[in-house]
Amino acid sequence: MSTRLSRRHLLHSGLVAAVTLAAAPAAAAPETRRLRFLHTHTGESLAVAYFQAGSYDAAGLEQVAHLLRDHRSGDVHPIDPALLDLLHELQALTGRDDAFQVISGYRSPQTNRMLNARSSGVATRSLHMDGKAIDVRMAGVPTKKLHELAMSLKRGGVGYYAASDFVHVDTGRVRYW
Ligand SMILES: [Zn+2]
(Lines give C-alpha, C1' and ligand atoms only; values in the text may rest on other atoms or scores of the structure.)
Protein backbone atom coordinates (compact mmCIF):
# COMPACT_ATOMS: atom_id res chain seq x y z
CA MET A 1 0.00 0.00 0.00
CA SER A 2 2.64 2.52 1.02
CA THR A 3 4.82 1.51 -1.93
CA ARG A 4 1.98 2.10 -4.35
CA LEU A 5 1.26 5.44 -2.76
CA SER A 6 4.84 6.58 -3.01
CA ARG A 7 5.03 5.37 -6.62
CA ARG A 8 1.89 7.25 -7.37
CA HIS A 9 3.34 10.23 -5.60
CA LEU A 10 6.55 10.00 -7.64
CA LEU A 11 4.61 9.57 -10.85
CA HIS A 12 2.51 12.56 -9.97
CA SER A 13 5.60 14.67 -9.20
CA GLY A 14 7.17 13.58 -12.46
CA LEU A 15 4.10 14.61 -14.40
CA VAL A 16 4.00 17.96 -12.69
CA ALA A 17 7.68 18.47 -13.54
CA ALA A 18 7.09 17.49 -17.17
CA VAL A 19 4.13 19.85 -17.47
CA THR A 20 6.15 22.66 -15.89
CA LEU A 21 8.99 22.09 -18.35
CA ALA A 22 6.64 22.03 -21.31
CA ALA A 23 4.91 25.20 -20.14
CA ALA A 24 8.12 27.16 -19.51
CA PRO A 25 8.81 28.35 -23.09
CA ALA A 26 5.14 29.26 -23.60
CA ALA A 27 5.12 31.26 -20.37
CA ALA A 28 7.29 33.94 -22.01
CA ALA A 29 4.82 35.73 -24.28
CA PRO A 30 6.02 35.91 -27.90
CA GLU A 31 7.56 39.34 -28.36
CA THR A 32 5.86 41.85 -30.61
CA ARG A 33 7.83 44.93 -31.66
CA ARG A 34 5.79 47.94 -32.71
CA LEU A 35 6.71 51.32 -34.10
CA ARG A 36 4.75 54.44 -34.96
CA PHE A 37 5.77 56.87 -37.65
CA LEU A 38 4.54 60.22 -38.87
CA HIS A 39 6.19 61.38 -42.10
CA THR A 40 6.72 65.13 -42.00
CA HIS A 41 6.77 65.50 -45.82
CA THR A 42 3.89 63.25 -46.87
CA GLY A 43 1.77 63.63 -43.72
CA GLU A 44 1.29 59.85 -43.71
CA SER A 45 1.28 57.96 -40.44
CA LEU A 46 1.78 54.31 -39.65
CA ALA A 47 1.43 52.13 -36.56
CA VAL A 48 3.02 48.80 -37.35
CA ALA A 49 3.96 45.52 -35.66
CA TYR A 50 7.05 44.72 -37.70
CA PHE A 51 8.17 41.77 -35.54
CA GLN A 52 5.68 39.16 -34.35
CA ALA A 53 5.77 35.62 -32.95
CA GLY A 54 9.55 35.36 -33.14
CA SER A 55 10.21 36.76 -36.60
CA TYR A 56 10.09 39.87 -38.76
CA ASP A 57 6.70 40.32 -40.34
CA ALA A 58 6.93 40.63 -44.14
CA ALA A 59 3.70 42.63 -44.45
CA GLY A 60 4.80 44.95 -41.65
CA LEU A 61 8.21 45.50 -43.27
CA GLU A 62 6.48 46.29 -46.56
CA GLN A 63 4.32 48.93 -44.87
CA VAL A 64 7.43 50.46 -43.33
CA ALA A 65 9.23 50.48 -46.71
CA HIS A 66 6.26 52.23 -48.29
CA LEU A 67 6.06 54.91 -45.59
CA LEU A 68 9.82 55.49 -45.66
CA ARG A 69 9.99 55.62 -49.48
CA ASP A 70 11.80 58.44 -51.25
CA HIS A 71 8.99 60.99 -51.11
CA ARG A 72 10.55 62.99 -53.95
CA SER A 73 10.82 60.17 -56.50
CA GLY A 74 8.32 57.68 -55.06
CA ASP A 75 10.98 54.93 -55.10
CA VAL A 76 10.46 52.21 -52.49
CA HIS A 77 13.42 50.28 -51.02
CA PRO A 78 13.49 47.67 -48.23
CA ILE A 79 14.40 49.10 -44.83
CA ASP A 80 17.01 47.26 -42.76
CA PRO A 81 15.12 45.48 -39.93
CA ALA A 82 18.10 46.24 -37.68
CA LEU A 83 17.34 49.94 -38.16
CA LEU A 84 13.80 49.31 -36.91
CA ASP A 85 15.17 47.43 -33.89
CA LEU A 86 17.46 50.39 -33.22
CA LEU A 87 14.44 52.73 -33.29
CA HIS A 88 12.48 50.31 -31.13
CA GLU A 89 15.21 50.40 -28.47
CA LEU A 90 15.51 54.16 -28.79
CA GLN A 91 11.78 54.46 -28.27
CA ALA A 92 12.05 52.38 -25.07
CA LEU A 93 14.81 54.68 -23.79
CA THR A 94 12.62 57.76 -24.28
CA GLY A 95 9.96 56.21 -22.05
CA ARG A 96 7.31 57.62 -24.40
CA ASP A 97 5.06 56.10 -27.01
CA ASP A 98 4.93 59.07 -29.38
CA ALA A 99 5.43 58.44 -33.08
CA PHE A 100 8.81 59.03 -34.67
CA GLN A 101 8.48 62.05 -36.92
CA VAL A 102 10.33 61.16 -40.11
CA ILE A 103 12.28 63.79 -42.00
CA SER A 104 14.03 61.38 -44.35
CA GLY A 105 14.07 57.60 -44.80
CA TYR A 106 15.11 55.94 -48.05
CA ARG A 107 16.79 58.14 -50.65
CA SER A 108 17.21 57.13 -54.27
CA PRO A 109 20.63 57.80 -55.85
CA GLN A 110 19.14 60.75 -57.83
CA THR A 111 17.63 62.34 -54.73
CA ASN A 112 20.85 61.88 -52.77
CA ARG A 113 22.88 63.47 -55.57
CA MET A 114 20.51 66.43 -55.60
CA LEU A 115 20.65 66.87 -51.80
CA ASN A 116 24.42 66.40 -51.79
CA ALA A 117 24.81 69.19 -54.34
CA ARG A 118 22.71 71.48 -52.12
CA SER A 119 24.12 70.70 -48.69
CA SER A 120 27.52 69.81 -47.26
CA GLY A 121 25.69 67.77 -44.57
CA VAL A 122 24.66 65.10 -47.11
CA ALA A 123 27.21 62.37 -47.84
CA THR A 124 27.92 61.29 -51.41
CA ARG A 125 27.42 57.65 -50.47
CA SER A 126 24.71 57.93 -47.84
CA LEU A 127 23.36 54.93 -45.90
CA HIS A 128 19.93 56.41 -46.67
CA MET A 129 20.51 54.94 -50.15
CA ASP A 130 20.66 51.43 -48.65
CA GLY A 131 17.59 51.75 -46.43
CA LYS A 132 19.95 51.70 -43.44
CA ALA A 133 19.48 55.27 -42.19
CA ILE A 134 16.69 57.53 -41.02
CA ASP A 135 16.35 61.13 -39.82
CA VAL A 136 13.86 61.56 -36.99
CA ARG A 137 12.64 63.67 -34.13
CA MET A 138 10.00 62.94 -31.50
CA ALA A 139 7.40 65.29 -30.08
CA GLY A 140 7.91 65.70 -26.34
CA VAL A 141 11.58 64.69 -26.42
CA PRO A 142 14.16 67.44 -26.95
CA THR A 143 16.17 66.46 -30.03
CA LYS A 144 19.43 66.94 -28.12
CA LYS A 145 18.17 64.39 -25.59
CA LEU A 146 17.14 62.01 -28.39
CA HIS A 147 20.68 62.33 -29.76
CA GLU A 148 22.18 61.43 -26.37
CA LEU A 149 19.89 58.42 -26.01
CA ALA A 150 20.71 57.24 -29.54
CA MET A 151 24.45 57.49 -28.84
CA SER A 152 24.03 55.47 -25.64
CA LEU A 153 22.77 52.52 -27.71
CA LYS A 154 26.18 52.20 -29.45
CA ARG A 155 24.43 50.54 -32.37
CA GLY A 156 25.58 52.56 -35.38
CA GLY A 157 26.03 56.09 -36.66
CA VAL A 158 24.30 58.93 -34.84
CA GLY A 159 24.28 62.54 -35.99
CA TYR A 160 22.72 65.67 -34.52
CA TYR A 161 21.36 68.34 -36.86
CA ALA A 162 20.43 71.20 -34.55
CA ALA A 163 19.34 73.68 -37.21
CA SER A 164 16.90 71.23 -38.82
CA ASP A 165 16.01 69.72 -35.41
CA PHE A 166 16.52 66.03 -36.13
CA VAL A 167 18.73 63.08 -35.29
CA HIS A 168 20.20 60.81 -37.96
CA VAL A 169 20.59 57.16 -36.96
CA ASP A 170 21.96 54.36 -39.12
CA THR A 171 23.11 50.76 -38.86
CA GLY A 172 26.61 51.46 -40.18
CA ARG A 173 29.67 51.45 -37.95
CA VAL A 174 29.41 53.20 -34.58
CA ARG A 175 30.32 56.86 -34.99
CA TYR A 176 28.95 60.14 -33.67
CA TRP A 177 28.69 63.65 -34.99
ZN1 LIG B 1 20.37 61.10 -42.30
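**Exercise 1. Is lysine 154 buried or exposed, and where does lysine 154 lie?**

Step 1. Take the scale. A residue is buried if 20 or more other C-beta atoms lie within 10 Å of its own, exposed if 12 or fewer, and partly exposed in between, with C-beta atoms placed from the backbone.
Step 2. Lysine 154 has 9 C-beta neighbours inside 10 Å, so it counts as exposed.
Step 3. Lysine 154 lies in the loop between H5 and S6. Helices (H or I, at least four residues) and strands (E, at least two) are DSSP runs, numbered from the N terminus.
Step 4. Look at the backbone. Phi of lysine 154 is near 50°, a positive value in a residue other than glycine.

The model is predicted: local features need pLDDT of at least 70, side-chain atom pairs count only at pLDDT 80 or more, and totals for chains, interfaces and linings use all residues. Residues are numbered from 1 along each chain as its sequence is written.

**Exercise 2. Describe alanine 53 in the loop between S2 and S3.**

Step 1. Alanine 53 is not a glycine, yet its phi is positive, about 50°.
Step 2. Alanine 53 counts as exposed because it has 9 C-beta neighbours inside 10 Å.

**Exercise 3. Give the strand order of the open sheet, then find its edges.**

Step 1. The sheet has eight strands, in the order S3-S2-S1-S4-S5-S7-S6-S8. The pairing is mixed. Two strands pair if DSSP finds at least two bridges between them.
Step 2. Strand S3 (55–56) and strand S8 (175–176) stand at the edges. Each has a single partner strand, so one side of each is left without a neighbour in the sheet.
Step 3. Axes are lines fitted to C-alpha atoms, for helices over the stretch in contact, and angles run from 0 to 180 degrees between N-to-C directions.
Step 4. Glutamine 63 is in contact with Leu46 and Val48, leaving aside its neighbours within four places in sequence. Contact here asks for C-beta atoms, placed from the backbone, within 7 Å.

**Exercise 4. Which strands pair with S7, and in what sense?**

Step 1. Strand S5 (residues 133–138) pairs with strand S7 (residues 166–170) in the antiparallel sense, over four bridges. Alanine 133 stands opposite aspartate 170, and aspartate 135 stands opposite histidine 168.
Step 2. Strand S6 (residues 157–161) also pairs with S7 in the antiparallel sense, over four bridges. Valine 158 has valine 169 as its bridge partner.
Step 3. S6 and S7 form a hairpin with four residues between them. In the turn, aspartate 165 has a positive phi of about 55°.
Step 4. Check burial. Five of the five residues of S7 are buried. Phe166, His168 and Asp170 are on one side, Val167 and Val169 on the other.
Step 5. Valine 169 is buried because 27 other C-beta atoms lie within 10 Å. Not counting residues up to four places away in sequence, it touches Leu86, Ile134, Ala150, Gly156 and Val158.

**Exercise 5. How do helices H3 and H5 cross?**

Step 1. The axes of helix H3 (residues 81–94) and helix H5 (residues 143–153) come within 10 Å and cross at roughly 125°.
Step 2. That makes H3 oblique to H5. On this scale, angles under 35 degrees are roughly parallel, over 145 roughly antiparallel, 65 to 115 roughly perpendicular and the rest oblique.
Step 3. The crossing of H3 and H5 is right-handed. A crossing is right-handed if the near helix is turned clockwise from the far one by less than a right angle, and left-handed if anticlockwise.
Step 4. Leu86, Glu89, Leu90, Leu93 and Thr94 in H3 meet Leu149, Ala150 and Leu153 in H5.
Step 5. By class, the contact of H3 with H5 has six nonpolar, one polar and one charged residues. Ala, Val, Leu, Ile, Met, Phe, Trp, Tyr, Cys and Pro count as nonpolar, Asp, Glu, Lys and Arg as charged, and the others, Gly among them, as polar.

Terms used: Contact = placed C-beta atoms within 7 Å.
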